[in-house]
Amino acid sequence: MNRYSLASIFLGIGISAAFMIKGFSHSLLGLLLIVSGIVSFVWHYWDKYNWFRFLIQESDFDSENIITFSEENLKIQGKHSNGEINWSGIKDLVLAKYGLFLVLSKGISIYIPKGALSEDMLQVQELYKKAKLQSETD
């Protein structure tokens with residue numbers, strides 16, 4: 001999304017500059033591209049901000065979910081559900097500044113804040129890597 005916004009802005013600047021060099025005072029197309037790029041860029045971050053704000057407001061802070069990591073899987077126990085996910089069901093593990101993401105599939109992930117982990121984030125990452133290596137050798 002941001003690539004298209006930036007491309008639109010730079011293309012608009014380029015078209016406007018080319019028209020100015022040719023002697024025209026302005027280019028409507030260049031101005032339109034610049035404005036659409038800026039609006040798209042701002043809209044992206046505004047939408048992201050609102051999404052995070054919504055997640056924080058709708059969080060269920062009074063319930064506790066316990067995720068236990070082992071070499072075979074991770075088990076989830078909570079107020080509303082219990083479950084088990086094998087490491088093979090996790091497509092990627094992404095470390096973030098304040099936690100980690102367990103990516104289940106494109107667009108679906110579980111975010112675990114650093115403070116909620118009983119283990120170190122790097123230990124969880126090592127369990128994930130070990131399980132992935134094990135599944136590749138099987």
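The protein has 3 helices and 6 strands. This is a predicted model. From the N terminus on, the elements run α-α-β-β-β-β-β-β-α. The radius of gyration is 23 Å, well over the 14 Å that the globule rule gives for 138 residues, so the protein is more spread out than a compact globule. Along the principal axes, its C-alpha atoms fill a box of roughly 70 × 40 × 20 Å.

Some totals describe the whole chain. Of the 138 residues, 22% are buried. The protein exposes about 10,500 Å². Carbon and sulfur atoms supply 63% of that area. Among contacts with a separation of 6 or more, 33% link residues 24 or more positions apart.

Helix H1 covers residues 2-22. Is serine 5 buried or exposed? Serine 5 counts as buried, because its relative accessibility is 1% and the cut-off for buried is under 20%. Serine 16 has 14% relative accessibility, so it counts as buried too.

Which residues touch these serines, once neighbours within four places in sequence are left aside? Serine 5 is in contact with Gly37, Ser40 and Phe41. Serine 16 is in contact with Ser27, Gly30, Leu31 and Ile34.

Helix H2 spans residues 28-58. Histidine 44 has its place in H2. Histidine 44 is partly exposed, with a relative accessible area of 24%. In sequence, histidine 44 and asparagine 2 are 42 residues apart. In space, their C-alpha atoms are 7.7 Å apart.

H2 also holds tryptophan 46 and tyrosine 49. These two are 3 residues apart in the helix, so about one helical turn separates them. Tryptophan 46 has a relative accessible area of 49% and is partly exposed. Tyrosine 49 is partly exposed at 45% relative accessibility.

**Aromatic pairs**

How many aromatic pairs are there? The count comes to 6. In one of them, the rings of tryptophan 46 and tyrosine 49 have their centres 5.6 Å apart and their planes at 35 degrees, so the pair is tilted. Elsewhere, Phe69, Trp87 and Tyr128 form one aromatic cluster.

**The sheet S1-S2-S3**

Strands S1, S2 and S3 form an open sheet of 3 strands, in the order S1-S2-S3 and with antiparallel pairing. S1 and strand S3 (82-86) are the edge strands, each pairing on one side only. Neighbouring strands here are turned by 15 degrees against each other on average, direction ignored.

Strand S1 takes in residues 66-69, and strand S2 takes in residues 73-77. What joins S1 to S2? A hairpin does, through 3 residues. The S1 and S2 strands run antiparallel and share 4 bridges. Threonine 68 has lysine 75 in S2 as its bridge partner. S2 pairs with S3 over 5 bridges, also in the antiparallel sense. There, isoleucine 76 stands opposite glycine 83 in S3.

**The sheet S4-S5-S6**

A further open sheet of 3 strands has the order S4-S5-S6, again with antiparallel pairing. Its edge strands are S4 (92-96) and S6 (108-113), and each pairs on one side only. From one strand to the next, the twist averages 20 degrees.

Strand S5 covers residues 99-105 and runs antiparallel to S4, with 5 bridges between them. Valine 94 has phenylalanine 101 in S5 as its bridge partner. Helix H3 (residues 121-137) lies across S4 and S5. H3 runs at about 165 degrees to S4.

The joined strands compare as follows.

| Strands | Bridges | Sense |
|---|---|---|
| S1 and S2 | 4 bridges | antiparallel |
| S2 and S3 | 5 bridges | antiparallel |
| S4 and S5 | 5 bridges | antiparallel |

Strands of a sheet pair through backbone hydrogen bonds, either parallel or antiparallel. Both open sheets here have antiparallel pairing.

Note on methods
Residues numbered from 1 in each chain as written. Predicted model: local features only at pLDDT ≥ 70, side-chain atom pairs only at ≥ 80, totals over all residues. Heavy atoms only, no water. Buried < 20%, exposed > 50% of the residue type's maximum accessible area, 1.4 Å probe, protein only. Contact = heavy atoms within 4.5 Å. Pairing = 2+ DSSP bridges. Axes fitted to C-alpha atoms, helices over the stretch in contact; angles between N-to-C directions. Phe/Tyr/Trp six-rings, centres within 6.5 Å; stacked < 30°, edge-to-face > 60°. Rg over C-alpha atoms; globule rule 2.2 N^0.38 Å. Areas by Shrake-Rupley, 256 points an atom, 1.4 Å probe, with all protein chains shown as cover.
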